[in-house]
Amino acid sequence: MARLQFELPDHYLFSTEMQIYISHVNQGGHLDNAQLLTLVSEARVRFFKWLGYREAGVEGLSIVVGDIVAQYKSEGFHGETMCVAMLPQDFNRYGFDLVFCMTEKSSGREVARGKIGVVFVGKQDKKVTPVPEAFRDRLAAAAAA
């Protein structure tokens with residue numbers, strides 16, 4: 001399989017910090033791949049909360065993760081603090097990619113990068129629905145601040 005390659009943005013809209021706990025580390029002594037997704041998922045929840053939303057309540061809609069891609073750049077270790085920076089990009093009719101970059105706080109070493117495909121769905125019918133304009137407006141206001 002060919003390695004995934006993609007460029008990171010020059011800036012991010014949101015960032016949060018979280019520590020790697022012992023439960024995030026595998027037998028190899030570094031951040032486990034499944035736990036990387038757990039940390040990135042927590043960062044995604046914090047991103048929506050920063051905008052004033054709950055994932056189950058974004059302008060009356062829910063969001064789901066349609067896909068995720070992650071690429072390791074270095075190992076992460078127990079006790080290190082990770083900074084996860086995020087930027088919504090590549091909007092389409094029903095959602096967008098939430099690009100992330102995870103770096104170790106004290107050194108700035110990049111640990112991982114990737115994208116989370118976010119899709120809006122109706123709460124009742126569970127069908128994909130267009131990105132709400134109010135959500136786009138709130139993002140624009142946050143970017144301008």
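1. Helix α2. The expected span of a helix is 1.5 Å times one less than its number of residues. Helices (H or I, at least four residues) and strands (E, at least two) are DSSP runs, numbered from the N terminus. Helix α2 covers residues 133-144, twelve residues, and should span 16 Å at 1.5 Å a residue. Its end C-alpha atoms are 16 Å apart, which agrees.

2. What the values rest on. This is a predicted model, in which local features need pLDDT of at least 70, side-chain atom pairs count only at pLDDT 80 or more, and totals for chains, interfaces and linings use all residues. Residues are numbered from 1 along each chain as its sequence is written, and side-chain values use heavy atoms, with hydrogens and water left out.

3. Buried means under 20% relative accessible area, exposed means over 50%, and partly exposed lies in between (1.4 Å probe, protein chains only). In α2, the buried residues include Phe 135, Leu 139 and Ala 142. Seen down the axis of α2, its buried residues fall within an arc of 65 degrees, so they line one face of the helix. The arc is that of the directions from the helix axis to the C-beta atoms. The face turned away from this buried side carries Glu 133, Asp 137 and Ala 144, which are exposed.

4. What covers α2. Contact means heavy atoms within 4.5 Å. The cover over the buried residues of α2 includes α1 (33-50), β3 (81-89), β4 (95-104) and β5 (110-122). Take Phe 135 as an example. Leaving out residues up to four places away in sequence, Phe 135 touches Phe 48, Leu 51, Tyr 53, Val 58, Glu 59, Phe 91, Phe 96 and Phe 120.

5. The core. A nonpolar core is a set of buried Ala, Val, Leu, Ile, Met, Phe, Trp, Tyr and Cys residues joined through side-chain atoms within 4.5 Å. The largest one has 34 residues. Those with the most contacts inside it are Phe 47, Phe 48, Met 86, Met 102, Phe 120 and Phe 135. Two or more residues come from each of β1 (14-19), α1, β2 (61-72), β3, β4, β5 and α2. Helix α1 gives the most to this core, with six residues.

6. Strand β1. Its side chains alternate. Phe 14, Thr 16 and Met 18 point to one face and are buried. Two strands pair if DSSP finds at least two bridges between them. β1 and β3 pair in the antiparallel sense over six bridges. In β3, Ala 85 stands opposite Ser 15.

7. Salt bridges. A salt bridge is a side-chain nitrogen of Lys or Arg within 4 Å of a carboxyl oxygen of Asp or Glu. The whole structure holds seven salt bridges. One joins Lys 105 to Glu 17, with the closest N and O atoms 3.2 Å apart. This pair links distant parts of the chain: Lys 105 is in the loop between β4 and β5, Glu 17 is in strand β1, and they are 88 residues apart. Lys 105 counts as partly exposed, at 46% relative accessibility. Glu 17 is also partly exposed, at 40%.

8. Two further pairs. Glu 42 and Arg 46 meet in a salt bridge at 3.0 Å, N to O. Both lie in helix α1, four residues apart, about one turn of the helix. Glu 42 is partly exposed, with 35% relative accessible area, and Arg 46 is partly exposed at 29%. Arg 113 and Glu 110 meet in a salt bridge at 2.7 Å, N to O. Arg 113 is buried, with a relative accessible area of 13%.

9. Which residues have a positive phi without being glycine? Glu 59 is one, at about 55 degrees. Glu 59 sits in the loop between α1 and β2 and is partly exposed at 34% relative accessibility. Asp 90 is another, at about 50 degrees. Asp 90 sits in the loop between β3 and β4 and is partly exposed at 48%.

10. Where is Leu 8 found? Leu 8 is in the segment before β1. Leu 8 is partly exposed, with a relative accessible area of 21%. Not counting residues up to four places away in sequence, Leu 8 touches Val 99, Phe 100, Cys 101, Glu 110 and Arg 113.
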